[in-house]
Each structure stands twice: as C-alpha cells, then as structure tokens.
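Please read the points below beside the model.

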Amino acid sequence: MTRPTKPIEDFNQLVEYLNEKKIQKNVAVAWPEDEHTREAVEMAGKTGFLKPILVGSKQTQEKYEGQFETILADDPADASAKAVELVRNGRTQVLMKGFVNTDVLLRAVLNKETGILPKGRILTHVTAAKISTYHKLLFFTDPAVIPYPTQEQRMAQIEYIADMCHKFHIPQPKISLIHCTEKVDERHFPFTEGYMELKQMAKDGKFGNCIVDGPLDLKTSCSAEALNAKKLESPIGGEADALIFPDIEAGNVFYKAITLFAQTETAAVLQGTLAPVVLPSRGDTVKSKFYSLALATMISTEK
C-alpha cells in the first residue's frame, strides 16, 4: 500500500521535493534585465527544477550564451509578447516577469487574441507564506489583482487555492473566509451573506475535498487559542491552510505587514492563466522570486 505523501510545510521542503521527484519545467522570462531576476533564474536553473528561456536584450543573449536559451526582443513590450507566445505554443509551462512594468506584461497576458487567459477564466493572485510563528505554509488571495471580488470571483479564488493546497499534498485544506468579525452583516458588509452560499457549495463538493468556513477573523482562523477564547466553534479549528480576503485592501495590507514585520518568506503567482505567472514586485527579494519559481513549477499541470 502506498503511503500518502506528507504535506509540504515550507519552501525548503518544496525545493527538496522538486529535486527528489526530478520535476523540471520550462520558464519564459520576459525582459530579464535586472540583477534580482537574473539571480533568481540562475538559482532555479542551477537547482534543476527549471529550464529558463530568456527573452531579452542583446546584452542578455551575450551574457548567457551557452548557458540558457535566449530569444532577442526589442523592448519590454516585445519581450512580453514573445514570452506569452512561448506559453501559448506549449514550449514553456511557467511565465515570469522580469524588468517589465506589470501593466505591460498584463496587456500581453490578457490580449484576447494572443494572450493566455482563456475565456471565462478569472485572473487572481495567490501567495504562499511561511511565517516564522506559524507551523505550516499559509496560502492567501488576493493582495494584488481583484479590487473587490464578486461572488463569482470569490468562487474561483476558492477553487484555485484549494487546488494549490492539494498540489502541496494537503488532503483536506481548511479555507477561511476572512472578515473583521465572525458575524454576517448584510447591511454594512453585504458580501458576507455570500459566504453562506460558499460554505454550502464546499459542503456539496464544489471545490473538491476541502473545508470552507467563515466569516472568521484572522486570529480565529489561525489560532485555536483565539477561537476558544471567543467561545466559537469552527471546523477550521484555528488551523487554517488558506485565507480568502474580502478585498485587495485587506489582502495587500496583510501581505505587506507579514513581510515587513515578521520577516516572512513568500512565493506568489497569478492563477487562471494557461500557465502560472510569476509576477514579482520591485520590492521582492531574490529568495522570494526563487521560491515563486518553485511554487509555479509545483502547481504547473503541463509537462
């Protein structure tokens, strides 16, 4: 009888797993003209879980000749279009933003004729975080893309994050619908009424094998002590694997707070596209970009 694979609880375990299973994907890097991007890509290539295809300048071609495959591009927009095309034609299974403005890359990603967001799919941003005071990885969405999620968008967020947790070998992820209190407030926060529907959909198996509960605040989601102190009951039990934030403001503040004050390690990708998109910000560390590449490799479904 095959023993179940243990959940991956930090990024070192993730990289070890990719190497142990000899998992390797191709990544198209759009305009890798900055040192942080290059260093992260070099680390991933050296570690072995990624084969980079660098879409950049003549200087990049000369620097990496004989080491990585390169494709010449005229400028960041041209590089973005060519990198997206590599995903569309199946040559790469991961896309990464280099020294490109986010709006430039997203124009290529979202182009209705040549982009990589299938019709009917919802684009959202998912982060995995290893907080030093939390005993496992914590996934959350969305700190970067959707300002105020509709019910349809929230359904997609749950679907994506549950699937991501499953790929990290979490058999029944506990997903918390975050709010400032644990009460439905139709008057002031009408979206909380939709939480009830989402919970029922989860019970009906809409999102696969997972537990969805809420509204819960952050502490009662991630602390059994806080949950018990409030004399609340929840199937999440203060052991959340994933958080669905009510809007981009809450998600972004949480992301910035844990990375600034708690020295949290993070990895993040765009979901909904044909392939995971690593969309680092200028403030992300080399290590964060490296871990994001590992995350994208892990969840990519294409060989």
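The notes that follow go from overall form to single residues.

1. Basis. The model is predicted, with local features needing pLDDT of at least 70 and side-chain atom pairs counting only at pLDDT 80 or more, while totals for chains, interfaces and linings use all residues. Residues are numbered from 1 along each chain as its sequence is written, and side-chain values use heavy atoms, with hydrogens and water left out.

2. Overall form. The protein has a radius of gyration of 19 Å, which agrees with the value near 19 Å for a compact globule of 303 residues; the radius is taken over C-alpha atoms, and the globule rule is 2.2 Å times the number of residues to the power 0.38. Along its principal axes the C-alpha trace spans about 65 × 45 × 40 Å. The secondary structure comprises 11 helices and 11 strands, taken as DSSP runs (helices: H or I, at least four residues; strands: E, at least two) and numbered from the N terminus.

3. Domains. Domain 1 takes in 1–121 + 274–302, and domain 2 takes in 122–272; such bounds come from an automatic or database domain assignment. The C-alpha centres of the two domains are 26 Å apart.

4. Domain interface. How many residues of domain 1 are in contact with domain 2? The count is 30 residues of domain 1 against 24 residues of domain 2, with contact meaning heavy atoms within 4.5 Å. About 2300 Å² is buried between the domains, and carbon and sulfur atoms give 63% of that area; buried area is the accessible area (1.4 Å probe) that two parts lose on being put together, summed over both. On the side of domain 1 that touches domain 2, helix H1 (11–20), helix H5 (102–110), strand S11 (277–278) and helix H11 (286–299) each supply at least two residues. H11 gives the most, with eight residues.

5. Cis peptide bonds. The bond from Thr141 to Asp142 is cis, with omega near 5°, and Asp142 sits in the loop between strand S6 (138–141) and helix H6 (151–167). The bond from Gly214 to Pro215 is also cis, with omega near 5°; Pro215 is found in strand S8 (residues 211–216).

6. Positive phi. His169 is not a glycine, yet has a positive phi of about 65°. His169 lies in the loop between H6 and strand S7 (174–178).
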